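User: I would like to go through this model with you, starting with the overall make-up and then the individual elements. Please keep the answers plain.

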Amino acid sequence: MSSENVRDVWTWKTELTGLYSVKSAYTWLCRQQSDQLEETNWAWIWRTCLPASIQFFLWQICHEALPTRETLVHRGIIDNSNCPMCNAQQETLLHCLLECPRIGALWNSLGLCQPHLPTDSEKIKEWLKCWVEEQGSIIPVLLWVIWRSRNNMIFKGKLDKVADLKVWVSTWCSAIIRAYGGEPATGSIWQQRSTRLVRWTAKEGDWVTINVDGSALTNPGAVGVGGLVRDNTGLFMVGFYGSIGISNNIHAELVAMWRGLTLCWERGYSHVCCQSDCLYVVQLLQQESSHYHRYAVLLDKIKELISRHWTCQVIHILREGNFCADFFARKGAVSSEGLVILEEAPVEMEELLRKDITGTCVLRR
Ligand SMILES: [Zn+2]
């Protein structure tokens, strides 16, 4: 992609900003070295800012080596694989850490529910990796606390309260950040400590609201983009999704916004409010452009669109208010099409749309 506004420059490939620093070169060299040593790419685990015990715990999850009841039955050590917490289902890795009803309240209190949780044990590895990169230590700590609490129950007969588990998670996270650094990304769940209710809202008056999102199956990996335009009552007007091949989350978020705004311009809307859950991209658009940024051309194209003769604003919303766009982005990631435009909402999406219209809140802590 080229643009006459952005001149060709040499940039430093490993940073999104395209700017070289000694620190970034050092990190890059270390990464090369550790990647070569690892047969499969588990190096990310050892790079996390976490105590060795939790790193090892992550390694066990990724190798499906956690001694859950199902694993122990498989190894011929015990003969009953029922979950010791709920006694209702087999204690698989996924059940034990994510699905067991005894810990459902804990996940809900983080505002995490389907479709944000992985549904099979293969996906848990990539999901974990993405989470750690995006949000820092909170998810590994949470999983670890769940596992310890399960062991407390089995080996000490002690049943921990969900409220206590929450306190453990936050105490451990603070201690880890103090000890190891590794401040999580801006806007991460960890930084927003107070509980709040999040819901989607349409912009009132003459406005149309467009939600956009990018979704990477793995980061980097097969990436999809998607979005939808709704009127001021929340009614579906037009939607889109498509695949952009192998790339990363930031690229996907930018392409989603560019495609979405182009669609709005072509449809002749005069007042457009664009909602994205990627704070980094929204902030980038507010800053002065740098020719060195890896996506300088795409940023320039989006800025040019926004500055056209219409009223167009881009705002940041929380992920919990962007489920419909996320739905399309995920559809895009597994699609073979570059761009599909939908004049009507797909049936599978009706429930999500209805929730947005009725203002259903998602608890975010
Ligand atoms: Zn259970």
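User: How many helices and strands are there in the protein?
Analyst: The protein has 14 helices and 8 strands. Helices (H or I, at least four residues) and strands (E, at least two) are DSSP runs, numbered from the N terminus. This is a predicted model, in which local features need pLDDT of at least 70 and side-chain atom pairs count only at pLDDT 80 or more, while totals for chains, interfaces and linings use all residues. Residues are numbered from 1 along each chain as its sequence is written.

User: What percentage of the residues in the protein is buried?
Analyst: Of the 365 residues, 33% are buried. A residue is buried if 20 or more other C-beta atoms lie within 10 Å of its own, exposed if 12 or fewer, and partly exposed in between, with C-beta atoms placed from the backbone.

User: And what share of the contacts joins residues at least 24 apart?
Analyst: The share is 70%, taken among contacts between residues at least 6 apart in sequence. Two residues are in contact if their C-beta atoms, placed from the backbone, lie within 7 Å.

User: On to the sheet. What is the strand order?
Analyst: The order is S6-S5-S2-S3-S4-S7, an open sheet of 6 strands with mixed pairing. Its edge strands are S6 (311-316) and S7 (340-342), each of which pairs on one side only. From one strand to the next the twist averages 15°. Two strands pair if DSSP finds at least two bridges between them.

User: How many residues of S2 are buried?
Analyst: In S2 (residues 208-216), 9 of the 9 residues are buried, so this strand is largely enclosed by the rest of the structure. Both faces are covered, with Val208, Ile210, Val212, Gly214 and Ala216 buried on one side and Thr209, Asn211, Asp213 and Ser215 buried on the other. In a regular strand the side chains alternate between the two faces of the sheet.

User: Which strands does S2 pair with?
Analyst: S2 pairs with S5 (residues 271-276) in the parallel sense over 5 bridges, and 8 bridges join S2 to S3 (residues 221-230) in the antiparallel sense. Asn211 has a bridge partner in each: Gln275 in S5 and Leu228 in S3. Asp213 has Gly226 as its bridge partner in S3.

User: What does Gln275 stand opposite in S6?
Analyst: Gln275 stands opposite Ile315. S5 and S6 run parallel and are joined by 6 bridges.

User: Changing topic: at what angle do H8 and H9 pack?
Analyst: H8 (residues 138-156) and H9 (residues 162-180) pack at an angle of about 135°, with their axes 9 Å apart. Axes are lines fitted to C-alpha atoms, for helices over the stretch in contact, and angles run from 0 to 180 degrees between N-to-C directions. The two helices are therefore oblique to each other; angles under 35 degrees count as roughly parallel, over 145 as roughly antiparallel, 65 to 115 as roughly perpendicular and the rest as oblique.

User: Which residues meet there?
Analyst: Ile138, Val141, Leu142, Val145 and Ser149 in H8 meet Leu165, Trp168, Val169, Trp172, Cys173 and Ile176 in H9.

User: How much of H13 is buried, and what covers the buried residues?
Analyst: H13 (residues 323-333) is mostly covered, with 10 of its 11 residues buried. Among them are Phe323, Phe327, Phe328 and Lys331. The cover includes S2, S3, S4, H10 and H14 (350-357).

User: And which residues of H12 are buried?
Analyst: In H12 (residues 296-306), Ala296, Leu298, Leu299, Lys301 and Ile302 are buried. The buried residues of H12 pack against H10 (249-267) and H11 (279-286).

User: Last one: where is Thr68, and is it buried or exposed?
Analyst: Thr68 lies in the loop between H3 (52-62) and H4 (69-74). Thr68 is buried, with 23 other C-beta atoms within 10 Å. Not counting residues up to four places away in sequence, Thr68 touches Glu91, Thr92, Leu93 and Cys96.
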